[in-house]
Amino acid sequence: GAMTSEHYHIRVTDLPAVKQIRVTYHFPAWTGMPSEVEERSGDLRAVTGTLAELQISTDRPLQGGKIQLDNGAQIQLDGGGENNVYRGTVKMDKDGVYHIAGIDGGQPVRVSEDFFIEARKPNPPQVSLVRPSRGDYHANPVEEVTVAAKASGDYGLRGVELHYSVNGGPEKTVDLLPQKGKKDASGSTTLSLEDFKLLPGDLVSVYASAKDANAEAHTDMMFIQADPFEREFSQSQQSGGGGGGGGGGGGNQSEQI
């Protein structure tokens, strides 16, 4: 025979809608970066430890407004009033997703799409030796050798230094950073090998370092080797010889040189 179910009521509610999300990033103090504002945002992207202050505008009052995180945590929104502007702060410790929610009829309801949280790990500074340009360098014991380095970082540099040591002796440093807080820096110094009283075969080890308030980076170590004068003189005599030292014509001479 015929059968009739229970009767149910359907209630239609015109929920508030999010019109705009304005984000103010308060970066960690160690970065030395001022606060930054994104007028129309939603997705959050900043270095780990940043406080993202959200200013959320809706087209009508939002009852029980919250920032709902994907890990189950909720951040209560403050504000409201005539302008329907609500505020809440998200601490960006790890990647995640969030949306804006409210309360309607005693039940939580979503009033926005999902937005991403990207907490970026801070990158260490980049530093390199740019002179001498071919790694290990051979010089005579009285030569003056120019050593140059450059560094860059996402955050203000606190130090860029050149480190050198003669035959594994005590390490000495030269400051190459003209001004602290700069994101790019370069500098050079001249090492007078005569002052080190080098003998043929002695080594001067050199590397550069750069640091900001969060991390420090180093280049690989290069070596300046003292060569005897006699060997340099002998090579010059061979390459200047009449027949190219058994190599044949002039083309081979250029290769020997």
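Predicted model: local features only at pLDDT ≥ 70, side-chain atom pairs only at ≥ 80, totals over all residues.
Local features were taken only where pLDDT is at least 70 and side-chain atom pairs only at pLDDT 80 or more, whereas totals for chains, interfaces and linings use all residues. Residues are numbered from 1 along each chain as its sequence is written, and side-chain values use heavy atoms, with hydrogens and water left out.

Pockets were located on a 1 Å grid over the protein atoms alone; a pocket is an open set of points with protein on both sides within 12 Å along at least five of seven lines, in contrast to a cavity, where a 1.4 Å probe fits but cannot get out, and lining residues have an atom within 4 Å of a point. A volume is the space filled by probe spheres set on the points, with grid points joined across faces, edges and corners. The largest pocket has a volume of about 260 Å³. Its lining consists of 17 residues, and Phe27, Arg45, Ala46, Val47 and Arg120 are those nearest the centre. Strands S2 (36-38) and S3 (44-47) each contribute at least two lining residues; strands are DSSP runs of E with at least two residues, and helices are runs of H or I with at least four, numbered from the N terminus. The greatest contribution to this lining is that of S3, with three residues. By residue class, the lining of the largest pocket holds seven nonpolar, two polar and eight charged residues. In this division Ala, Val, Leu, Ile, Met, Phe, Trp, Tyr, Cys and Pro count as nonpolar, Asp, Glu, Lys and Arg as charged, and the others, Gly among them, as polar.

The second largest pocket has a volume of about 190 Å³. It is lined by 13 residues, with Leu69, Asn71, Lys91, Lys94 and Ile117 nearest its centre. Two or more lining residues come from each of strand S8 (85-92) and strand S9 (96-104). S8 supplies the largest share, three residues. The lining of the second largest pocket comprises six nonpolar, two polar and five charged residues.

Several backbone features fall in loops. The peptide bond from Arg131 to Pro132 is cis, with omega near -5 degrees, and Pro132 belongs to the loop between strands S12 (126-131) and S13 (137-139). Asn84, a residue other than glycine, has a positive phi near 55 degrees and is located in the loop between strand S7 (78-80) and S8. With a relative accessible area of 10%, Asn84 is buried (buried means under 20%, exposed over 50%, and partly exposed in between, with a 1.4 Å probe and protein chains only). Lys197, also not a glycine, has a positive phi of about 55 degrees. Lys197 is placed in the loop between strands S17 (184-192) and S18 (203-211) and is exposed, at 68% relative accessible area. Leu199 lies in the loop between S17 and S18 and is exposed at 56%. The C-alpha atom of Leu199 is 9.1 Å from that of Asn140, 59 residues away along the chain.

On the surface, Leu203, Met221 and Phe223 form a nonpolar patch with about 240 Å² of accessible area together. Patches consist of residues with over 30% relative accessible area and no salt bridge, with nonpolar side chains (Val, Leu, Ile, Met, Phe, Trp, Tyr) joined within 5 Å and like charges within 9 Å. A salt bridge is a side-chain nitrogen of Lys or Arg within 4 Å of a carboxyl oxygen of Asp or Glu. Accessible areas come from the Shrake-Rupley method with a 1.4 Å probe, and for residues only the protein chains shown count as cover. Met221 is found in the loop between strands S19 (216-218) and S20 (222-226) and is partly exposed, with a relative accessible area of 44%.
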